[in-house]
Amino acid sequence: MEASFQDRSAALRPSMGKAAVSALLPPAVVIGLAALLHFVIGPAIGYFYAKVLTDVGIAVVMAVSLNLVNGYTGQFSIGHAAFMTVGGYAAGSVVYYGHYLIWGSLQQQGGFLGPSTLLYVVALLVGGLAAALAGFVVGLPSLRLRGDYLAIVTLGFGEIVRVLVTRTNDVLFDADEIAAASPVTLLTSVGGSLGFTGLPFLTNLFWVWVAAGAVILFSYRLKRSDQGRALLSIREDEIAAEAMGIPTTRFKVQAFVYAAFFAGIAGGLFAHEVGTTLNPQELGFQKSFEVVIMVVLGGMGSVTGTTIAAAALVILPEALRSFSDYRMIAYALTLILVMLLRPQGLMGLREVWEIPAVRKLLRSGR
Amino acid sequence: MTKFLQTLMDGTAVGSLYALIALGYTMVYGILRFINFAHSDVFMLGAWFSYEVAKIMGWTGQDQSHPVWASAFVIVAVMVACGTLGFVIERGAYRPLRSAPRINVLITAIGVSLFLENSGQLPFLLGTQPQRMPTLMPEHALFAVAGVSVRAVDLLVIGISFALMALLEWIIYGTKLGLAMRAVSYDTKVAALMGIPVDRVISMTFVVGSALAAAAGFLYATKYPGINQPAHPTWVLLGLKAFVAAVVGGIGNLRGAMAGGLMIGLVELFGAAYLSPHLRDVYVFTLLILVLLFRPEGLLGKATIEKV
C-alpha cells in the first residue's frame, strides 16, 4: 500500500519543466503587461489618463492586500491607510535622504532601471517591511482576542501614526546639514503636518503595476494553498478551525502582516507619485474606509472582484466630479445596501471566471 | 497644586462625558455583540441638534435672551430626537441583519456612520461650517479652591452626567424593562423563550443609549462651544475613545463603562497637562493596547470562554 501511494503521488506530480512554466509564467506576464502599460499605453493615452491608471494600480495594491484580512480571514481592519503612511514615510526618507547621502543632491541618477530607481525599489521594500513590523506589533495583541477589537485597535493605531507624523520636524534640504545629521534626526525630519515635500517622482506605471500584479498573484496563490484554506476556515468558523488543529492566532497575524507589507509598498508608490503629497491628512480615516468599501463591494475573498471594485471606485469619482458632495453618501448607502441585499459582497468568494454566466460564455467559446 | 486640581476637574468633566457615550456602546455590545460605529455620530448629532434647537428658539446666549429652563428644554429635546434616531437606525439597518454574521453588522454600522456624517454635511442640512454653541448655562465662577475657580458650567456638566448615570442605573436595575434588558444580554434565546419581547427590548436599548449620547453631545457643546462640522474626524475620535473606555472598564458592564470613562478622561487630561499636550490620543490608545494585552476582559469584566 505504502509503495503504491508513493507511485500514485509521483505520477500526479507535474514534470520539472511544467512546474517551472506554471511558476514563472505568471510573473513574466505581469512584468510584460506592466512594461506594455508603461512604454506603450501610458504615452498613448496622455498624462491625465496615465495618472488615473497609476491611481488605479495603487488602489488595487491596497484593496487586494486588505482583502487578505477582511476577505479571506474574516477579520476587520479599518486602519489600512496607517500602514500606507508608515510605508510611505519609510520609503520616502530612504529615497530622499539616500539621494543626498549617496549622490549629494536630489538629481535623479540614470533613467529607467538606473541607480535612482534601484534605490527606489529598495526603499519600497524597506517601506513594506516597516509596515509589516508595525502590523505585527498592532496585530498580535488584538488578533488574539475577538475579531472586532481589531477594528478599534487599527483605527486607534491610525490615529497614533497620524499624530506622531504631525509632530515631526521640517524636511532638511541642505546637503551638508544632511550629511552631518544623525539617522534619528533624519527619520524625524519628514515634514510634520505639512507633508513630506520634495520627494522625487520615481513612481511610474511600470512599478505600480508590477506591485499590483505581485499582490494579485500572491493573493490568488495564497487562496489556493493550504495556508489560504486555513485562513478561509478561520473566517467560516474560528472555533471549528481551532478544533481542526489550525493555530488560528498565528494565521491571523500572518495574514495581517502580509496585508500590512503590501500596504507599505502602496505607501511608497503613493509617496513618489506625481501630483500627490505624502501628508498625514491625506491618509486618514477616509482613505481606510475607501479601501474597506472596495473590498466589501468587490466581494470579500474575491481577488478579481476586489481588483475590479478598486478600479471602479477610482475611475467613477473622476468621471462624476460634479457630484463630489454626494460621493461619500453614495458610498455609505452602497455599503448598507450591499450588506442588506448581498452580504457576501457583489462577487462573494468567486473569481470572475467562476461566475456561472461567465463560465458559460467561456465554455461556449471553446 | 492649582494645575493638579484644574486637571482633575477637567478630567472628571470630560471623563463623565466619555462615560455617558461609553454606556451606549457597552449596552449594544452586551446584547448584540458588535461595535455600533454609528454611536459616535449620534453623539455628534446631539451636539448639532442642541445648536439647531437653540437657534430655532432664538436663544443666542447674549444678554440673557434665554429663560432659565433653556438648557433643560434643549437637553430633553435632543434626547428625544436622538432617541428616535437610534430607534430608526436599529429598525432600518441592524434588525434585518439580526441573524447575519457579526462582521456584516459591523460593516453596516460603518455605513450608517458614514451616511450620517456626510449627509449632515449637505448644505441644506447642517452644512460644512463649524458653528458656535450659544452659552445657555451660567458661566460665572462660583467659588475658588486653592486658586482654581470652579465655574457653574463645569459643575453642571459633571452633575448632569452623574444624574443621568444614576437614572440609567435605576432603569437597568430597578425596572422591569431593565430586567428584560439584562435577561436579553445574558442569553437572547432563553430570554425569548421566557416571553420577553426581544426585538422591543433591543429597540429600547438603542433608544436609551442614543438619548444618553445626545445628552453627552449637548454637554460637550456646552463645555467646548466650538462645534466642528459633522464629518470632522474629532467626532469619530471622541466616539472611539468612549469605546476604549467601555473596553477598559469591561465591555458589556455598565459600571465598568462609567469607571472606564472617568479613567480615560483623567488619563487623557493628566497626560496632556504633565507630559505633552499634543499626544493626548496616544495615551488613550496605548492604555487600550495595554489593557488588551494584560486584561482583555477589562478592569471590571468577567473573563468568559467563547463557546460553540
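# A walk through two chains

Start by selecting D55(A): leaving aside residues up to four places away in sequence, D55(A) touches E273(A) and V314(A). Before you go further, keep in mind that what you have open is a predicted model.

**Stop 1: around D55(A).** Now colour residues 16-72 of chain A. This is helix α2, and D55(A) is found in it. How far apart are D55(A) and L217(A) in space? From C-alpha to C-alpha the gap is 19 Å, while along the sequence the two are 162 residues apart.

**Stop 2: α2(A) meets α3(A).** Is their crossing left-handed or right-handed? Turn the view and check: the crossing of α2(A) and α3(A) is right-handed.

Show side chains to see who meets whom. From α2(A), pick I58(A), M62(A), S65(A) and L66(A); from α3(A), pick H80(A), A81(A) and M84(A). Sorted by type, the residues of this contact between α2(A) and α3(A) are five nonpolar, two polar and no charged.

The contact of α3(A) with α12(A) has four nonpolar residues, two polar and one charged.

Stop 3: Jump to helix α5, residues 148-166 of chain A, and select R162(A) and E159(A). Some background first: side chains of opposite charge can pair when their charged atoms come close. R162(A) and E159(A) form a salt bridge, with their closest N and O atoms 2.7 Å apart. Look along the helix too: because R162(A) and E159(A) are three residues apart in α5(A), about one helical turn separates them. Over all chains, the count of salt bridges comes to 18.

**Stop 4: where the chains meet.** Show both chains and colour them separately. How many residues does each chain bring to the contact? Chain B gives 45 residues and chain A gives 37. Between them, about 3800 Å² is buried, and carbon and sulfur atoms give 81% of that area. Highlight I107(B), L114(B) and L292(B): they supply 15% of the area that chain B buries against chain A, more than any other three residues. As for salt bridges across this interface, the number found is zero.

**Stop 5: a helix pair in chain B.** Finish with helix α9 (residues 233-249) and helix α10 (residues 254-274) of chain B, whose axes come within 7 Å and cross at roughly 120 degrees. That makes α9(B) oblique to α10(B), and their crossing is right-handed. Residues to click include K241(B), V244(B) and A245(B) in α9(B), and G260(B), M263(B) and I264(B) in α10(B). The contact of α9(B) with α10(B) divides into seven nonpolar, four polar and two charged residues.

Methods:
Residues numbered from 1 in each chain as written. Chains lettered and ligands numbered in written order. Predicted model: local features only at pLDDT ≥ 70, side-chain atom pairs only at ≥ 80, totals over all residues. Heavy atoms only, no water. Axes fitted to C-alpha atoms, helices over the stretch in contact; angles between N-to-C directions. Helix = DSSP H or I, 4+ residues; strand = E, 2+ residues; numbered from the N terminus. Parallel < 35°, antiparallel > 145°, perpendicular 65-115°, else oblique. Left-handed = near helix turned anticlockwise from the far one by under 90°. Contact = heavy atoms within 4.5 Å. Nonpolar A, V, L, I, M, F, W, Y, C, P; charged D, E, K, R; others polar. Buried area = accessible area lost by both parts, 1.4 Å probe. Salt bridge = Lys/Arg side-chain N within 4 Å of Asp/Glu carboxyl O.
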